[in-house]
Amino acid sequence: MGIDVGKFLKSPEFEIAITTYRDIFQVEALEYDRFGEEYRKLSAVIIMSREDMKKMGIKTGDRVKLINDHGSIVVEARESKREEPGGIAFMVNSPWSSALVSDDTGGKGIPEFKNITARISLTKNDISSLENLIFNSGEVEKNER
Amino acid sequence: MPTVMELYKLLPKTNCKKCGESTCMAFAVALLSRKKKVSECTPIIEEMFKKDREKLESLLLPSSGAGETGMIVHTELCTGCSNCVVACPVDVANDPRGAGTGGAPTNDKVIFRVVDGKVVASNIKECRRFGKNRVLCYACIDPCPTGAIEFV
Amino acid sequence: MITCTGCSLLCDDIDVVIENHRIKEVRNACRRGAAKLKGCRNRLRPSIDQTPADIDTSIKRAALILKNARSPMLYGWSNSTCEAQSNGIKLAKKLNAIIDDTSSFCQGLLIEKVLKKKFRACSLDDVKNKADVLVYWGSDAQDSQPRHLSRFSYFPRGESRQRGYEEDRIAIAIDVRESNTAKICKGHFYRIPLKGDREFILSLTGALSGKVPKHDAKRILELADIMKKAEFGAIFVGIGLTYSIKDDVDILVALGDMLPNFHILPMVGHYNMRGFNEALFKETGFVNRVRFDSTAVHENKYAIVEALKQKSIDALLVTGSDPLSCLPGSMISYLASIPVICIDPCVTLTSKISKITIPSAVSGIESGGSAVRMDGKVIELSGIVENNYLADTEILSRIMEEL
């Protein structure tokens with residue numbers, strides 16, 4: 001069985017709802033070194049239900065692009081180890097998830113950190129680096145081709 | 001950790017009661033909770049069951065890292081929340097004003113303490129799963145949401 | 001015994017082993033606290049325009065930037081001591097600046113209600129000694145305030161709760177996700193859809209007054225029954241619930257009013273966010289988002305998020321926070337375009353784009369002071385590791401002197 005190139009070429013997009021949460025291991029990594037590999041590894045991840053992954057043809061370890069009007073990131077997909085009803089994916093709070101958060105708060109000053117919608121598709125691009133997220137917002141898009 | 005069924009299948013299944021249990025199934029349960037030893041099953045000592053006996057013994061061998069009670073702390077899963085420190089009945093009895101009321105342990109008699117954000121077990125012989133009046137206690141396992149404590 | 005600044009529980013039963021001016025071993029603190037106490041790998045150095053500078057020059061330049069700014073903002077404060085916060089408020093007054101803190105897009109809404117006594121509150125010690133029903137709502141304490149359940153709520157023996165948690169207490173989790181806290185609550189976990197909190201509150205208030213809920217009636221009636229029978233209940237409100245009902249927080253006030261035996265406690269993350277809210281409230285009657293002029297003016301446009309979105313500030317002093325690591329990504333470019341002064345012990349994402357960086361001692365470890373626990377109790381901080389860094393309080397005083 002070779003690599004299914006066609007799958008990547010087409011890379012169908014799906015709508016996905018994402019909420020954010022806190023993970024103590026990621027917070028620990030943040031305290032030690034927010035520029036470190038461990039923090040990136042624990043942050044640049046989207047956790048999905050088995051059903052949703054199956055439906056979208058995504059497997060644990062696949063790289064996925066998440067894009068909406070506010071930003072675009074590449075993270076790793078991982079299947080949730082818990083019972084999930086599906087229809088919602090999870091990301092830890094980090095510059096990666098924040099890249100997808102709208103700055104429009106209706107003038108009230110509280111962004112929807114926990115209520116993100118984006119489009120998800122498989123990608124061959126590298127996981128977004130922190131430098132990319134901070135210093136060149138939007139570069140991810142340009143690097144696409 | 002083996003299941004009761006896995007152990008049962010390796011027993012003579014004669015329900016001879018020589019071990020003191022009413023059935024081989026009950027003996028399998030007792031083996032799993034370490035209330036009985038394989039050698040207490042007299043028929044299995046016989047040569048014809050040698051293979052089964054060896055298999056049983058290897059299944060029941062404590063995994064590496066397990067203490068005498070069979071306790072393993074998976075430090076990589078531990079969040080250091082201290083739920084086990086406070087919920088352990090031995091810790092409550094031995095340090096009622098410290099660990100028992102949610103605080104840091106105030107003496108060396110407790111089983112659980114947290115060092116560098118991860119739980120460390122000591123005084124393992126005080127554990128209720130150990131000794132003559134042992135009971136199958138789950139007081140440290142139930143409050144742990146990450147499965148960091150295991151008995152094998 | 002020292003105090004941990006890992007989160008707003010400010011655990012003051014921590015032992016440490018110090019070696020070569022660094023904490024080598026931490027006892028009794030959780031994983032989060034131990035990481036905080038052991039400190040970051042990369043300490044910040046003084047710099048101007050990302051070029052090394054001496055600290056005195058950095059402080060002088062910082063003062064100059066603030067003095068010349070038309071509309072400066074002083075932001076952060078949730079990882080600063082009460083003393084530094086109070087200096088920060090003084091500085092804001094002196095500069096006629098805007099001052100805001102992380103509560104602006106976190107628990108500020110609820111802390112304000114607490115300080116205005118809209119909720120029945122109680123101390124965490126009361127929870128430990130008296131509480132029999134604990135509701136974690138949109139809060140994963142296990143990961144954010146890891147010792148909350150073991151020190152104060154579910155597991156400890158308290159004055160009127162002597163028999164252990166299985167008999168004496170019921171813990172309930174209401175959440176979108178089966179968090180680690182929800183796992184502990186087992187049979188009492190209520191999974192709600194994203195943004196479903198409002199509807200759940202309405203169903204619950206309905207059930208409390210005898211109405212049969214439309215969805216999940218059996219379980220919601222059971223929950224209402226447990227809550228009604230509580231002798232001493234506590235709702236721990238996590239950021240999940242706060243974000244979900246941010247446009248109508250009064251719905252939670254109404255729920256609290258229906259439950260006379262219940263207390264509402266916002267769960268705070270950073271160790272001294274509440275300290276800032278209390279200090280500013282005492283001074284101005286507002287918990288955040290204030291501009292000082294002849295008087296203190298509170299407006300949403302003084303929220304960090306709005307100020308950056310509207311590009312209305314032209315200089316930013318940041319201390320006790322790393323806004324770049326938590327603000328919406330699209331705000332970073334404007335933030336990076338204005339002069340930022342970063343006071344922090346560690347290299348942060350914000351320090352990387354700052355015009356001026358001023359290293360400080362790690363508050364609570366390398367410098368002492370006080371902080372306010374999430375329930376309002378003032379806790380002394382230790383300052384036990386010897387060092388040559390200036391405390392954030394001193395840095396702010398020095399900036400004021402330079403003005």
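## The fold of chain A

Read from one end of its sequence to the other, chain A of this predicted model runs through the pattern α-β-α-α-β-α-β-β-β-α-β-α-α. In that order of elements, chain A contains 7 helices and 6 strands.

Of the 145 residues in chain A, 44% are buried. If one takes the contacts in chain A between residues at least 6 apart in sequence, 72% of them join residues that are at least 24 apart.

## Where chain C meets chain A

Between these two chains, 40 residues of chain C are in contact with 36 residues of chain A. On the side of chain C that touches chain A, at least two residues each are supplied by several helices of chain C, including helix 1 (31–38), helix 6 (141–144) and helix 12 (239–244); helix 15 (304–309), helix 16 (332–337) and helix 17 (349–352) are also among them. Helix 1 of chain C gives the largest share of this side, namely 4 residues.

Sorted by class, the side of chain C that touches chain A has 16 nonpolar residues, 11 polar residues and 13 charged residues.

## Where chain B meets chain C

Chain C also takes part in another interface, in which 23 residues of chain B are in contact with 26 residues of chain C. On the side of chain B that touches chain C, helix 5 (83–87) and strand 2 (112–115) of chain B each supply at least two residues, and the largest share, 4 residues, comes from helix 5 of chain B.

By class, this side of chain B has 10 nonpolar and 10 polar residues, together with 3 charged residues.

Key:
Residues are numbered from 1 along each chain as its sequence is written. Chains are lettered from A and ligands numbered from 1 in the order in which they are written. This is a predicted model: local features need pLDDT of at least 70, side-chain atom pairs count only at pLDDT 80 or more; totals for chains, interfaces and linings use all residues. Two residues are in contact if their C-beta atoms, placed from the backbone, lie within 7 Å. Ala, Val, Leu, Ile, Met, Phe, Trp, Tyr, Cys and Pro count as nonpolar, Asp, Glu, Lys and Arg as charged, and the others, Gly among them, as polar. A residue is buried if 20 or more other C-beta atoms lie within 10 Å of its own, exposed if 12 or fewer, and partly exposed in between; C-beta atoms are placed from the backbone.
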